[in-house]
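Take a walk through this fold with the model open beside you.

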Amino acid sequence: MRAAFPDFRLGNVLATSFTGTLSERHGDAVERIPTPHRLIDWLAVNGLAVDSCTTAQLDLARELRESIHAAATAAAIQDALPASAVQVINDCSTQGRAAAILTPEGERRWRLSSASRVEDALSVIAADAISIIAGERDGKLALCASPTCQAAFFDTSQSRTRKWCDMNTCGNRQKKARFNANQRRNPRSAE
């Protein structure tokens, strides 16, 4: 029987979705890619299918994830980018063999090398992170308002005032906590 893993938190932005494979960083951390096979699953769900993954490749993926998180967090608060994080992102970006292709429907997809290596998939994620952190895309890096999460996310809302990395998790949790606190203060308001 296969072990149960936490669901992936999928978003519209590849790089910040990847950093979401470790959530609740300031609370009880939830690792969503605890095994090489689980990384294979995440990559496949995000259109970056690979043939296999070693423990060393999983370690490299986690190093890239943490580097993207550190650089995106610094960019969101307009702080200097950590040199070590920039180096890891750049190294991963240049080590892969992936190409952007245009589908008949007019969408961009990534084609990995014929060997479909993890490094190829990581280069796509690193390139996405570079475009976001460098400010090349329409949107704004922000940090989740949840005190236990504080994940970096890419806000593409019209007003650029989104507060939560994911409304279905962090946003709902905060709204529920606020509602419960109000109920405790005003128990008769529920009647």
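Two residues are in contact when heavy atoms of each lie within 4.5 Å. This model is predicted. Among contacts in the protein chain with a separation of 6 or more, 54% join residues 24 or more positions apart.

The protein chain holds six helices and six strands. Read from the N terminus, its elements run α-β-β-α-α-α-β-β-α-β-β-α. The C-alpha atoms fill a box of roughly 65 × 45 × 40 Å along the principal axes. Of the 191 residues, 40% count as buried. The chain exposes about 10800 Å², and carbon and sulfur atoms supply 50% of that area.

Now go inside. In soluble globular proteins, nonpolar side chains tend to be buried together. Here the largest nonpolar core has 36 residues. Within this core, F18, L39, L64 and I125 have the most contacts. Six elements each supply at least two of the core residues: α1 (14-19), α2 (36-45), α3 (55-76), α4 (83-95), α5 (118-133) and β6 (152-155). Which of them gives the most to this core? Helix α5 does, with nine residues.

Leaving aside neighbours within four places in sequence, F18 is in contact with I33, L39, W42, A61, L64, R65, I68, L122 and I125.

Turn next to helix α5. It has 16 residues and reaches 22 Å from its first C-alpha to its last. That is close to the 22 Å expected at 1.5 Å a residue. Helix α5 is mostly covered, with 14 of its 16 residues buried. Is S131 buried or exposed? S131 counts as buried because its relative accessibility is 12%, and the cut-off for buried is under 20%. Leaving aside neighbours within four places in sequence, S131 is in contact with E136 and R137. S131 and A15 are 116 residues apart in sequence, yet their C-alpha atoms are 9.6 Å apart in space. Just after α5, G135 takes a positive phi of about 75 degrees.

Strand β6 comes next. Four bridges join β6 to strand β5 (residues 140-143), and the two run antiparallel. The bridge partner of L141 in β6 is F154. In a regular strand the side chains alternate between the two faces of the sheet. In β6, A152 and F154 point one way, while F153 and D155 point the other way. All four are buried.

T16 sits in α1. Leaving aside neighbours within four places in sequence, T16 is in contact with L141, A152, F153 and F154. T16 counts as buried because its relative accessibility is 13%.

What of the cysteines? A search of the whole structure finds zero disulfides. C53 is in no disulfide, and the nearest cysteine sulfur, that of C92, is 13 Å away. C53 is buried, with a relative accessible area of 13%. C92 is in no disulfide either, and the nearest cysteine sulfur to it is that of C53, 13 Å away. C92 is buried as well, at a relative accessible area of 3%.

Finish with the backbone. Most residues other than glycine have a negative phi, and most peptide bonds are trans. Where does E24 lie? E24 lies in the loop between β1 (22-23) and β2 (30-31). Its phi is near 55 degrees, a positive value in a residue other than glycine. E24 counts as buried because its relative accessibility is 10%. R160 also has a positive phi, of about 60 degrees, although R160 is not a glycine. R160 is placed in the loop between β6 and α6 (167-185).

Definitions and conventions
Residues are numbered from 1 along each chain as its sequence is written. This is a predicted model: local features need pLDDT of at least 70, side-chain atom pairs count only at pLDDT 80 or more; totals for chains, interfaces and linings use all residues. Side-chain values use heavy atoms; hydrogens and water are left out. A nonpolar core is a set of buried Ala, Val, Leu, Ile, Met, Phe, Trp, Tyr and Cys residues joined through side-chain atoms within 4.5 Å. Buried means under 20% relative accessible area, exposed over 50%, partly exposed in between (1.4 Å probe, protein chains only). A disulfide is a pair of cysteine sulfur atoms within 2.5 Å. Two strands pair if DSSP finds at least two bridges between them. The expected span of a helix is 1.5 Å times one less than its number of residues. Accessible areas come from the Shrake-Rupley method with a 1.4 Å probe; for residues, only the protein chains shown count as cover.
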